[in-house]
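Reader: I would like to go through the helix packing in this model with you. Could we take it one contact at a time?

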Amino acid sequence: MKIYLDGEEIVFPGEAPSKEDVLTIVKETLGKKGRLIRSIEIDGAELDEEAFLALSGGTEARFGSRPVRDFLVATLTDASEYQQRLASGLGRAADHLEADRTTEGLELVGKAAEGIGWILQVIHHSEILLGVNDSEVGGGGLGEVKAALLAELEKASRSVEEGKPLELAYTLRLGILPRIESLGGYIGALRDIGDSTVQ
């Protein structure tokens, strides 16, 4: 099988490498250039990594790449949109809890907890990739917002464990929601840093 990376053929010495070896070498080569795999085509058909590894046969593999920054900006754009939906969902969860619709409220809280975790991971990984820390994002203060959010999440967890839906609704509205709304500005600031040509 012939292997191409961004239009240039990669020649492997010796025996034909395994699919795992090809993928590893392509990723290492791109990593050194600050790029990630954007697409994989085998004989003109686009596949994901899993399908590529499972494939038997094929005469030509073409890997396309794009800068890590492009992926980062796209992920931060998704996180920004999700952050807004998350804030809305937290408000709805509090509404349900206050209206004695505890099951619906708790279901939304569970989904929101996963979403909060994802947003915090995106922020953390973005800071690493951009080479910045909490105090360099936005006007500073990101570390304090994250610490306050984690403290409020612990309060919410205790309210769930103790079966106190009204207390949970209060924590959602006045403790968690304002911090999630604050994170929106920091996500935007990270996206601006990623968009800029100067690192």
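Reader: At what angle do the axes of α3 and α6 cross, and within what distance do they come?

Author: Please bear in mind that this is a predicted model. The axes of α3 and α6 cross at roughly 165° and come within 9 Å. An angle over 145° counts as roughly antiparallel, and α3 is therefore roughly antiparallel to α6.

Reader: Which residue classes make up that contact of α3 with α6?

Author: The contact of α3 with α6 has 20 nonpolar, 6 polar and 7 charged residues. As for handedness, α3 passes α6 in a left-handed crossing.

Reader: And α3 with α4: at what angle do they pack?

Author: The angle between α3 and α4 is about 155°, and their axes are 9 Å apart. This makes α3 roughly antiparallel to α4 as well. The residues of this contact divide into 19 nonpolar, 8 polar and 5 charged. Here too, the crossing of α3 past α4 is left-handed.

Reader: That leaves α4 and α6. Are they roughly parallel or roughly antiparallel?

Author: Their axes cross at roughly 25° and come within 11 Å. Angles under 35° count as roughly parallel, so α4 and α6 are roughly parallel to each other. The crossing of α4 past α6 is left-handed.

Reader: Which residues of α4 and α6 meet?

Author: On the α4 side they include Leu-106, Val-109, Ile-116, Ile-119, Leu-120 and Ile-123. Among those in α6 are Leu-168, Leu-172, Ile-176, Ile-180, Leu-183 and Ile-187. By class, the contact of α4 with α6 has 16 nonpolar, 3 polar and 1 charged residues.

Reader: Why might residues three or four places apart point the same way?

Author: An α-helix has 3.6 residues a turn, so residues at that spacing point the same way.

Reader: How far does α3 reach from its first C-alpha to its last?

Author: Helix α3 covers residues 68-98, which is 31 residues, and reaches 44 Å, close to the 45 Å expected. Just after α3, Asp-100 takes a positive phi of about 65°.

Reader: What about the span of α4, and which residue follows that helix?

Author: Helix α4 has 29 residues and reaches 41 Å from its first C-alpha to its last, close to the 42 Å expected. Gly-131 follows α4, with a positive phi near 70°.

Reader: Changing topic, how many aromatic pairs does a search of the whole structure find?

Author: The search finds 2 aromatic pairs. One of them is formed by Phe-52 and Phe-63 and is edge-to-face, at 5.4 Å centre to centre with 80° between the planes.

Reader: Where do Phe-52 and Phe-63 lie?

Author: Phe-52 belongs to helix α2 (residues 49-54) and Phe-63 to strand β5 (residues 60-67), so the pair ties together parts that are 11 residues apart in sequence.

Methods: Residues numbered from 1 in each chain as written. Predicted model: local features only at pLDDT ≥ 70, side-chain atom pairs only at ≥ 80, totals over all residues. Heavy atoms only, no water. Axes fitted to C-alpha atoms, helices over the stretch in contact; angles between N-to-C directions. Helix = DSSP H or I, 4+ residues; strand = E, 2+ residues; numbered from the N terminus. Parallel < 35°, antiparallel > 145°, perpendicular 65-115°, else oblique. Left-handed = near helix turned anticlockwise from the far one by under 90°. Contact = heavy atoms within 4.5 Å. Nonpolar A, V, L, I, M, F, W, Y, C, P; charged D, E, K, R; others polar. Expected span 1.5 Å × (residues − 1). Phe/Tyr/Trp six-rings, centres within 6.5 Å; stacked < 30°, edge-to-face > 60°.
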